Amino acid sequence: MSPVLSAFLRELPSWFLLCGVFLPVTLLLLLLIAYFRIKLMEVKEELSQSPSRQHNSKHNSFLYQRMKST
């Protein structure tokens, strides 16, 4: 291990490394996973409630309709 890294790890308390770095990053990642899971469930619910259309047809696609209206 390099002397700089060794000195850094020796001076840095482990509780600070755990509570100040790893815990917030872990909680942020879990929060992002939960947020995107909720959004995905909302989109799935909206798609299941929409009338069935042919998604392969270019003229029936949502993107085409949106581009056409602007």
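A salt bridge here is a side-chain nitrogen of Lys or Arg within 4 Å of a carboxyl oxygen of Asp or Glu. By that test, a search of the whole structure turns up 1 salt bridge. Please keep in mind that this is a predicted model, where local features need pLDDT of at least 70, side-chain atom pairs count only at pLDDT 80 or more, and totals for chains, interfaces and linings use all residues. Residues are numbered from 1 along each chain as its sequence is written, and side-chain values use heavy atoms, with hydrogens and water left out.

**Helix α2**
- Helix α2 covers residues 14–49, helices being DSSP runs of H or I with at least four residues, numbered from the N terminus.
- The end C-alpha atoms of α2 are 51 Å apart, which agrees with the 52 Å that its 36 residues should span at 1.5 Å a residue (1.5 Å times one less than the number of residues).
- At F22, α2 bends by about 30°, and the proline P24 follows within four residues; the bend is the angle between axes fitted to the seven residues ending there and the seven starting there.

**The salt bridge**
- The side chains of K39 and E42 meet in a salt bridge at 3.6 Å, N to O.
- E42 and K39 are 3 residues apart in helix α2, so about one helical turn separates them.
- E42 is partly exposed at 38% relative accessible area (partly exposed lies between buried, under 20%, and exposed, over 50%, with a 1.4 Å probe and protein chains only).
- K39 is also partly exposed, at 35%.

Notes
Helices (H or I, at least four residues) and strands (E, at least two) are DSSP runs, numbered from the N terminus.
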